[in-house]
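Trainee: I've got a model loaded and would like to talk through its fold. Can we go step by step?

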Amino acid sequence: AYYHLGYGNIKDGDSFYFDQALQAALAINYKNGIANAYFGKGTMFKRKVKYAEARVEFFKAAELYEALKQLKDLGAAYNELGLTYAYESNFSEALPYLEKSRDIRTQIGDMAGLSNVLNTLGVANKQTGDLKKALEYYFESLAIAEERNDKAMMPKLLINLGSVYLD
C-alpha cells in the first residue's frame, strides 16, 4: 500500500511512502517489494531532475530484479538508467543501458516496451551523430507501433523520423 501511495505523491517529490514501503519490505525480507521501492524512489528523483540520485535507486532495483530473474522489471530499470544519462546528454553512458533494455524486451516479447526503447535509442543515436542507426531504430519502432496500432507512439516516431531528415 505504501508503494502505491508513493506513486500518488510522486509529483510532489515526496519519498516518505517509498521509504515506508522500503522499510516494510526490508523488515520481512520481501525482495520484490524492496526492488519496487527502490524503483519508485528512482522515479521520484528522476522527476525532480536529480538524475545521479535516481541512478543510485535504479541500480539497486536492477540488481534485485536481476537476482529475482524479473526480466520485465529489469528491462524497465535499465531503460530508466539509460534515460537518466540521456537527460544529461550523456549518450555514451545511456546507450549500453538502453541496449540492455532492448535486448531484454526482445527476449520476453514486451513489444510496447521494445517500441519505446527503440525510439529512445533512435534519439540517443541521433544526438551522437549516427543518423543511419537512428533511422534504423525509428523505423523498427514504427513498424512495431503500427503492428500494435499504437496511435500515441506513431506521431512521436514520425516527428523523430522527420527530424533526422532535417539535420
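Trainee: Among contacts between residues at least 6 apart in sequence, what percentage join residues at least 24 apart?

Mentor: Quick caveats: this is a predicted model, where local features need pLDDT of at least 70 and side-chain atom pairs count only at pLDDT 80 or more, while totals for chains, interfaces and linings use all residues. Residues are numbered from 1 along each chain as its sequence is written, and side-chain values use heavy atoms, with hydrogens and water left out. A contact here means heavy atoms within 4.5 Å. Taking contacts between residues at least 6 apart, the share that joins residues at least 24 apart is 48%.

Trainee: How many helices and strands does the protein have?

Mentor: Both are DSSP runs numbered from the N terminus: H or I over at least four residues for helices, E over at least two for strands. From the N terminus on, the elements read α-α-α-α-α-α-α-α-α. That makes 9 helices and 0 strands.

Trainee: What is the radius of gyration, and what would a compact globule have?

Mentor: It's taken over C-alpha atoms, and the globule rule is 2.2 Å times the number of residues to the power 0.38. The C-alpha atoms fill a box of roughly 55 × 30 × 25 Å along the principal axes. For 167 residues the rule gives a value near 15 Å, and the protein agrees with its 17 Å.

Trainee: Which residues touch the most other members of the largest nonpolar core?

Mentor: Such a core is a set of buried Ala, Val, Leu, Ile, Met, Phe, Trp, Tyr and Cys residues joined through side-chain atoms within 4.5 Å. Buried means under 20% relative accessible area, using a 1.4 Å probe and protein chains only. This core has 36 residues, and the two touching the most other members are Y65 and Y78.

Trainee: And which element gives the most to this core?

Mentor: Elements giving two or more residues include α2 (16-27), α4 (51-68) and α8 (131-148). The biggest share, 7 residues, comes from α3.

Trainee: What covers the buried residues of α4?

Mentor: The buried residues of α4 include F58, A61 and Y65. Beyond four places away in sequence, Y65 touches N32, A35, N36, F39, Q70, D73, L74 and A77. The cover over the buried residues of α4 includes α3 and α5.

Trainee: Last one: which residue follows α4?

Mentor: α4 has 18 residues and reaches 25 Å from its first C-alpha to its last. The residue after α4 has a positive phi, near 60°, and is K69.

Definitions and conventions:
Buried < 20%, exposed > 50% of the residue type's maximum accessible area, 1.4 Å probe, protein only. Expected span 1.5 Å × (residues − 1).
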